[in-house]
Each structure stands twice: as structure tokens, then as C-alpha cells.
Amino acid sequence: MANEKTQQTEFFVSKGERQLGPWTLSELAARLASNEIAVTDFVFDDGRQDWMPLFECEALKAHLAQSKPKAAPLKKTSTEKTQVTETKVETSTVGTGTTSTVLAGEKGEWFVQKGSHRYGPFSYGGVVRALQEKTVYEFDLIWREGMNEWVRIAQHDEFKPERIREIAASNGESIIRRQHHRMQFDNEVIVHDNRSVWLGRSVEGSVGGSGVVIENATLVPGQTVLLHFAAREDLPAFNALCEIVGKKFVGDIRDAKTPVQYSLRFVKLDSQAEPRVQEYFHSRGAKAA
């Protein structure tokens with residue numbers, strides 16, 4: 001995209017089911033900075049005549065490089081960190097129920113950063129509930145007073161699945177709830193979004209959705225994809241229109257083809273296959289909660 005023949009002045013972006021633009025390069029960068037679009041969305045390359053992830057767009061990289069800071073970052077002092085805890089943010093922008101104190105005696109001490117926006121304070125149970133409701137994701141950042149820096153929620157020991165279960169059990173309360181109970185469901189899957197096709201494998205399933213490892217690290221919650229599940233001895237092949245509702249954090253993504261596990265909600269199943277799929281999971285105990 002950098003040479004004169006292929007250099008374009010207007011950019012179209014595909015975000016889920018929406019096509020946005022045309023925008024100039026400056027408008028594209030501004031919308032990226034405001035989180036209106038993400039680096040995992042797709043931009044149309046006139047030179048290639050194909051869609052590509054924004055993080056591969058050389059013209060955008062060159063544009064952003066012009067405003068790169070000249071000096072190294074200043075380390076935050078303890079005073080600066082204390083000021084963060086005094087910030088109050090309307091939690092309705094993150095989701096309902098995220099500030100409820102689920103565990104006895106909890107205080108709102110956790111702050112979450114999504115993109116360039118920070119929210120909080122939340123109780124511990126509030127963060128867990130937000131993760132469950134998919135208003136916060138494992139790859140978002142978290143911080144509380146006493147921590148040296150913001151870290152991914154998935155990388156914080158307090159939010160590892162085994163730790164959440166331990167805390168819930170010690171308080172005699174359940175803070176992990178699923179709309180549908182899932183069971184192990186190993187099967188080959190083909191995934192596509194009407195533009196590209198990727199290979200995948202389901203690892204769990206229920207009457208309401210499936211957990212699938214897909215050889216594509218650029219998909220994001222909110223996107224809609226079509227899945228083709230291969231036939232098994234105990235279940236015929238079926239198609240499912242799905243919404244991505246969760247994405248497992250992976251700390252060592254090498255490229256766009258790195259396998260990542262996604263949580264998918266069934267939006268629509270084949271009309272002929274739907275009764276068989278529902279009966280299959282119901283009969284094996286994966287019933288609605």
C-alpha cells in the first residue's frame with residue numbers, strides 16, 4: 001500500500017456485519033484512537049483488492065509513526081496511582097450488576113481498563129459477574145491499590161478459574177453462573193464470515209452454544225460467524241449461525257493464524273438439525289440452567 005500506484009486516499013472498514021467509511025487516513029486513525037474501531041477489524045486494500053486486518057495496514061502504521069512519542073514513558077509514582085482509585089465512573093457503561101457486592105464484606109477496589117477507558121471501582125464479585133456477563137473480557141486490564149502496574153485479567157492470580165471457585169466455595173456462595181451447562185464436545189468445525197474460511201475444533205457444547213478453538217486470532221466479541229460442525233457417530237453434521245460472546249486471552253499470539261478459544265452463542269441452527277442438537281445435549285445433561 002505504500003507505493004504510489006496502490007496508495008489510497010479513502011478507506012472502508014468492516015466491523016462485524018457493518019461496513020464503515022469511506023474515511024481518510026487521519027479519520028481512520030482518529031476512529032481507532034476513540035475505540036470506534038479496533039485493530040482486529042478489517043480494512044479494504046485497493047492494491048490487493050482484498051480485506052486485511054487493520055494491524056497489517058502499512059499506510060496506517062506509517063501515519064501513526066509520525067506521532068510516536070519521542071521519549072520513554074515516565075514511571076508512575078505511588079501518588080499518581082492513588083489518584084486513580086479516586087476516579088468514579090458510571091458502571092452502567094460496562095453492564096448491569098457489575099458493582100453488586102457478591103461476597104460478604106467486599107469493597108469496591110478493582111478498576112478495569114477497556115481500550116482507553118477506565119471503569120470502577122468494582123467489588124471482586126462484580127468483576128467476576130462482569131466477566132460472566134461478557135461486559136468485561138479476560139484480555140481487558142485490571143488494577144487495584146498496591147499493584148505496580150495494570151495487568152490482563154487472565155494473568156492476575158485472583159481471577160484464575162481455580163481461585164474464583166476457591167473463593168466462592170469458602171464464602172458458601174456461587175458467583176459463577178451459566179445460562180446453559182456445558183459439556184465436553186470434541187468435533188471438527190469449519191468457520192467462515194462470508195469472506196474467509198478458517199479451521200476450528202469445538203471443545204465443549206450446550207443447547208445454547210459452543211466453545212471452539214479457531215485458527216484465527218483476530219475475531220472479536222460481537223462478531224457473527226457461520227459454523228459447520230462435522231458429523232459424529234452420535235450426531236449428524238449441522239450448521240449454526242453464531243455470535244462470538246467471549247475470547248480467551250492468549251499471551252503469546254504469534255500471528256493472525258494463532259489458535260484462540262472463543263465462546264459462541266447459537267443464534268440460529270439448521271431447522272432440520274435443531275431438534276436433534278437440542279435433544280443430544282439435553283439427554284447428556286447439558287440442560288438450561
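In this predicted model, the structure holds 13 aromatic pairs. One of them joins phenylalanine 44 and tryptophan 51, whose ring centres lie 5.4 Å apart with the planes at 75 degrees, and because an angle over 60 degrees counts as edge-to-face, the pair is given that description. Elsewhere, one aromatic cluster is formed by Phe185, Phe229, Phe238, Phe266, Tyr280 and Phe281.

Tryptophan 51 also takes part in a contact with a charged residue, as arginine 195 lies over the face of its ring, while the charged end of arginine 195 likewise sits over the ring of phenylalanine 42. The table lists the two distances from the ring centres.

| Charged residue | Ring | Distance to ring centre |
|---|---|---|
| Arginine 195 | Phenylalanine 42 | 5.0 Å |
| Arginine 195 | Tryptophan 51 | 5.8 Å |

Turning to the sheet, four strands are arranged in the order S6-S5-S7-S8, forming an open sheet with antiparallel pairing. Strand S6 (117-122) and strand S8 (151-152) stand at the edges, and because each has a single partner strand, one side of each is left without a neighbour in the sheet. Within this arrangement, strand S5 (residues 110-114) and strand S7 (residues 141-143) run antiparallel and are joined by three bridges, and glutamine 113 stands opposite leucine 141 in S7.

How values were computed. Residues numbered from 1 in each chain as written. Predicted model: local features only at pLDDT ≥ 70, side-chain atom pairs only at ≥ 80, totals over all residues. Heavy atoms only, no water. Pairing = 2+ DSSP bridges. Helix = DSSP H or I, 4+ residues; strand = E, 2+ residues; numbered from the N terminus. Phe/Tyr/Trp six-rings, centres within 6.5 Å; stacked < 30°, edge-to-face > 60°. Lys NZ or Arg CZ within 6 Å of the ring centre and 35° of its normal.
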